[in-house]
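Work through the exercises below with the sequence and the structure side by side. Try each task before reading its solution.

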Amino acid sequence: MQKNLTSKLPKAPLPVQAPKKQARSTAPVPQVPLKPFLKWPGGKRWLIEDHRDLLPKRINGRYIEPFLGSGAVFFHLRPREAILSDINSELIEAYSAVKRAHRAIVARLSVHHVQHSIDPERYYDVRSEIPATANDRAARMLYLNRTCFNGIYRVNQKGEFNVPRGSKTKVLMPEDMWPEWSKALRNAQLRNSDFEPIIDTARQGDFLFVDPPYTVHHNMNGFIKYNEVMFSWDDQIRLAKAMDRARKRGVRILMTNANHESVRSLYGKGFKQATVSRFSSVSGKSEGRSSFEELVITI
Ligand SMILES: C[S@@+](CC[C@H](N)C(=O)[O-])C[C@H]1O[C@@H](n2cnc3c(N)ncnc32)[C@H](O)[C@@H]1O
């Protein structure tokens with residue numbers, strides 16, 4: 001239940017001019033949704049398309065997203081004030097460049113676009129070299145994301161991107177909205193961080209959208225195994241504790257996670273749980289699409 005705070009506010013002086021604009025905290029979310037500029041594993045486009053009712057109509061405080069990826073929900077909502085964070089430094093560097101210098105990025109992508117259309121194998125040359133400047137690194141990241149196999153992001157043990165080339169031939173697309181993407185990011189603080197300190201900055205009235213990698217707890221033959229090295233079961237427990245602290249501070253929360261009993265068991269008292277279905281393309285199978293259930297947690 002949201003408290004009505006207006007009775008505690010000091011009385012306004014008599015108006016001598018036109019009334020001031022509405023305070024930022026009561027402004028509605030602008031209705032000019034955008035699609036992400038990245039293709040990202042676990043992207044939440046399906047949530048926006050099929051379950052829009054789960055998203056807030058209005059955000060009183062800040063929008064905070066600690067597992068940013070392609071930021072599908074952020075670009076859809078276009079909040080006035082946001083903190084966007086991810087542990088992937090290349091990803092955050094690309095966002096910063098789009099925010100700060102989208103024209104310079106498009107100029108570099110145009111070069112990649114032409115060269116890729118002449119010789120797609122050049123993908124492997126670009127993949128093997130890390131450029132010296134931030135704008136060149138961001139353009140490389142975007143080029144690889146747009147031409148790699150299925151938009152997958154995967155690195156080897158040395159941290160080198162190792163996804164093979166995909167079948168896409170275009171780097172720049174007619175539907176690209178670089179100035180709009182840059183504008184949407186103008187009021188966003190970008191952070192390259194683990195999720196925990198980001199969740200801990202959320203306060204009453206903020207809206208937290210949390211979409212972690214879907215790790216579950218397996219117990220096979222008496223041994224506990226983790227299905228992912230990158231985001232361990234310990235991270236899921238750490239996340240649940242951070243979420244509980246945020247809930248107690250009065251933060252609004254929407255989380256998507258794996259619909260698995262191990263994950264469900266982490267969100268008891270104070271959290272609401274529901275399942276939503278999404279369709280997923282299964283490549284190479286004639287049936288084409290299967291339905292998956294995902295867990296949605298709110299307070
Ligand atoms: C499922 S994706 C988020 C997808 C995003 N909602 C979208 O629409 O594209 C999960 C993200 O969490 C990030 N991540 C993994 N471990 C993390 C950690 N410990 N702290 C913060 N981010 C992390 C990954 O880099 C990845 O971008």
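This is a predicted model: local features need pLDDT of at least 70, side-chain atom pairs count only at pLDDT 80 or more; totals for chains, interfaces and linings use all residues.

Residues are numbered from 1 along each chain as its sequence is written.

**Exercise 1. State how many helices and strands the protein has, and what share of its residues is buried.**

Step 1. Helices (H or I, at least four residues) and strands (E, at least two) are DSSP runs, numbered from the N terminus. The protein has 9 helices and 9 strands.

Step 2. A residue is buried if 20 or more other C-beta atoms lie within 10 Å of its own, exposed if 12 or fewer, and partly exposed in between, with C-beta atoms placed from the backbone. Of the 299 residues, 28% are buried.

**Exercise 2. Compare the end-to-end distance of helix α3 with that of a straight helix, and locate its kink.**

Step 1. Helix α3 covers residues 89-118, which is 30 residues. The expected span is 1.5 Å times one less than the number of residues. A straight helix would reach 44 Å, but the end C-alpha atoms of α3 are only 30 Å apart.

Step 2. The bend at a residue is the angle between axes fitted to the seven residues ending there and the seven starting there. In α3 a kink of about 115° is centred on Ala 101.

**Exercise 3. Find the strands that pair with β4.**

Step 1. Two strands pair if DSSP finds at least two bridges between them. Strand β1 (residues 63-65) runs parallel to β4 and is joined to it by 2 bridges; Tyr 63 has Phe 207 as its bridge partner.

Step 2. Strand β7 (residues 252-258) is also parallel to β4, with 4 bridges. Here Val 210 is partnered by Met 255.

Step 3. Now check the faces of β4 (residues 207-210): Phe 207 and Phe 209 are buried on one side, Leu 208 and Val 210 on the other.

**Exercise 4. Is Ile 198 buried or exposed?**

Step 1. Locate Ile 198 in helix α7 (residues 195-200).

Step 2. Ile 198 is buried because 23 other C-beta atoms lie within 10 Å.

Step 3. Ser 85 is 113 residues away along the chain, yet its C-alpha atom is 7.4 Å from that of Ile 198.

**Exercise 5. Which residues come nearest to the ligand?**

Step 1. A residue is near a molecule if its C-beta atom, placed from the backbone, lies within 6 Å of it. Of the 20 residues around the ligand, Gly 42, Phe 67, Gly 69, Ser 70 and Ala 72 come nearest.
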